[in-house]
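Let me put the structure up, and then I'll talk you through a few bits of it.

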Amino acid sequence: MRHSESARPDDSAASSRDRTDATATGDSPGAAAAKVLPGAVAPRGNRRTRRRLTIGAGVLTGVAAVIGALLVTPIVPSADAEPALDGFYDQRPQWKSCDVPSLDKAGAQCADITVPLNYAAPQGETITVAISRISATDTANRRGIMLSNPGGPGGAGLDFTPEFGAAMTPEVRARYDLIGMDPRGIGRSSAVHCGWTRGFGLQSAGLDAAGYAESVASQAELAARCATSGGERLRYFTTRNTARDMDVIRAVLGESKTSYYGTSYGTYLGAVYTQMFPERTDRIVLDSAVDPVRYGAVDMMRDMGAPNEAALDAWADAAAAKNDRYRLGGTRAEVRATLMDLIRRAAEKPIRVGEYDVDEHALPMMLFTVLDDPRAYDSVSDMVRLFADAADGKPITPDPGVLTSLAYMLKADPADGAAQMAIMCGDVAVPRDPAWYWRNIEAARGSQPVFGAFTNNITPCAFWAPPVEAATEVHNAVPALIVQSTGDTRTSYGNAQGLHRAMTASRLVTLENVAIHWIFGRYPNGCVYAAVNNYLLDGTVPANDATCQAD
């Protein structure tokens with residue numbers, strides 16, 4: 001057989017994570033949410049109260065009914081699953097044009113690979129995973145394939161290869177077939193769509209109990225839409241199944257091992273692959289890393305609070321230094337005060353920008369999406385000035401990039417982000433009691449006034465069916481190179497240190513005093529780039545961890 005023993009649904013590499021708090025209340029998702037809503041209804045105008053009660057009553061009942069049905073659905077691994085996988089591992093790709101400009105320019109080819117929806121029942125429904133290949137040019141020194149993932153979860157990666165490939169030296173680039181992939185549920189692969197009315201499954205909880213009650217109802221509605229449209233099928237769009245898909249792709253491409261480059265969530269996927277298929281791994285680069293112990297819609301999210309507030313301070317300093325241009329305040333404190341006032345105004349009356357109403361739930365998210373790169377601080381200032389002018393009723397000309405972000409976030413244009421929630425919620429169970437999240441939000445407001453209500457907020461995962469299998473406990477000695485900036489706002493530096501501990505043969509290359517998320521291919525740095533390229537060239541991790549400075 002060509003597939004690893006670890007591909008079996010009952011592989012011992014997965015062990016349960018202690019998350020007993022996820023269901024400690026004993027309530028169904030609908031009942032738990034309903035408990036917090038009455039107490040959270042603080043008067044704040046008829047518009048908000050009516051909307052909150054209308055959503056809450058119908059949606060939460062629907063969530064309880066649909067998820068209740070899923071809870072009794074047995075997940076029975078097939079005793080014949082292993083031999084039944086041979087047909088997937090033995091298929092051959094049918095290469096075709098990608099019809100993606102960046103890939104076509106690079107001479108890539110694309111193919112669709114067939115995989116089981118549920119590896120425990122491979123004789124059942126199948127789905128497709130779209131892949132791309134930019135072939136090695138140095139056939140005499142060809143190393144093999146390099147699978148990749150750009151993060152998310154839910155990020156489409158079919159055309160990711162030209163981006164990180166551009167950071168490789170010509171000698172390194174020539175030795176690998178770079179393999180892009182839209183993971184299951186995403187992009188050109190068999191996709192997950194839940195008919196959401198907004199694109200992003202994450203939002204800020206708002207400023208008070210009334211705003212939080214709105215958020216609880218909104219997140220429950222997203223979960224209900226997915227439960228209704230996806231049902232049992234949705235539960236198999238998980239990281240562990242994506243790792244199994246990767247191993248099928250490896251075999252289909254005729255390779256005994258695969259190298260890998262992943263950033264952000266892609267580091268977690270890569271770590272899971274090394275745990276499930278350690279004998280199939282070659283050279284592994286994990287950029288801007290997730291601690292497997294912290295992964296999920298609670299701990300990983302909460303870890304984002306402090307670095308985002310630190311980045312906000314750095315932005316406020318930059319904006320204050322250009323107060324003659326942005327008029328947001330002459331000091332950090334004044335800029336922050338302007339921003340908090342703007343969020344309060346958005347809570348009372350959403351800010352109209354084009355066709356979009358930006359409220360207290362969306363405004364912090366717009367900041368979050370652009371604070372992961374210090375080179376964008378002027379753009380952040382332009383955006384905040386735009387929102388301030390709009391709130392004042394002044395004529396505005398929105399930047400096209402701002403409108404694109406609002407279209408996705410508030411209208412699910414071009415598509416909703418349900419795949420992100422399907423993966424996160426399907427991987428790790430979370431607490432279900434909305435009151436638990438509310439306590440964390442209130443506790444965080446003092447030190448995290450802008451982002452604490454986002455990073456501690458309830459997500460659709462609180463109303464999701466339980467995972468079909470336990471999360472992967474990563475602890476192995478697979479060699480890997482981890483690169484991380486100390487100020488990363490998406491995956492905190494502590495997360496990289498956690499992954500480094502979990503992968504005992506790894507080395508950590510630290511980029512100091514830079515708040516960048518995703519380094520190799522996005523943020524040129526001679527020291528980091530040299531470390532990655534040297535490792536990919538000769539396969540030897542550095543003797544010791546290393547520290548780099550900004551160029």
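This is a predicted model: local features need pLDDT of at least 70, side-chain atom pairs count only at pLDDT 80 or more; totals for chains, interfaces and linings use all residues.

The structure holds four of them. If you number the bonded cysteines in sequence order, the pairing reads 1-2, 3-4, 5-6, 7-8.

Start with C194 and C226, where the sulfur atoms sit 2.1 Å apart. The torsion about that S-S bond is about 110°, so this disulfide is right-handed. As for where the two ends are, C194 is in the loop between β4 (176-182) and α8, while C226 is in helix α8, so the bond ties together parts that are 32 residues apart in sequence. Buried or exposed, these two? C194 has 5% relative accessibility, so it counts as buried, and C226, at 0%, counts as buried too.

Next up, C425 and C461, with their sulfur atoms 2.0 Å apart. This link is left-handed, with -80° about the S-S bond. It joins distant parts of the chain: C425 belongs to helix α18 (residues 418-427), and C461 to the loop between α20 (452-455) and β9 (481-485), 36 residues apart. Both C425 and C461 are buried.

Then there's C527 with C548, sulfur atoms 2.0 Å apart. Here the torsion about the S-S bond is about -60°, so the disulfide is left-handed. C527 is in helix α22 (residues 526-538) and C548 is in strand β11 (residues 546-548), so to speak two distant parts of the chain, 21 residues apart. Look at the accessibility, though: C527 comes out at 34%, so it counts as partly exposed, whereas C548, at 1%, counts as buried.

Okay, on to the helices, and back to α8, the helix that carries C226. Helix α8 (residues 209-230) packs with helix α19 (residues 434-444) at an angle of about 135°, and the axes are 11 Å apart. How do we class that angle? Oblique is the word for α8 and α19. And the handedness of the crossing: right-handed.

Which residues make the contact between α8 and α19? From α8 we have A209, Y212 and V216, and they meet P434, Y437, W438 and I441 of α19. By class, that contact has seven nonpolar residues, with no polar and no charged ones.

Terms used
Residues are numbered from 1 along each chain as its sequence is written. Side-chain values use heavy atoms; hydrogens and water are left out. Axes are lines fitted to C-alpha atoms, for helices over the stretch in contact, and angles run from 0 to 180 degrees between N-to-C directions. Helices (H or I, at least four residues) and strands (E, at least two) are DSSP runs, numbered from the N terminus. Angles under 35 degrees count as roughly parallel, over 145 as roughly antiparallel, 65 to 115 as roughly perpendicular and the rest as oblique. A crossing is left-handed if the near helix is turned anticlockwise from the far one by less than a right angle, and right-handed if clockwise. Contact means heavy atoms within 4.5 Å. Ala, Val, Leu, Ile, Met, Phe, Trp, Tyr, Cys and Pro count as nonpolar, Asp, Glu, Lys and Arg as charged, and the others, Gly among them, as polar. A disulfide is a pair of cysteine sulfur atoms within 2.5 Å. Buried means under 20% relative accessible area, exposed over 50%, partly exposed in between (1.4 Å probe, protein chains only).
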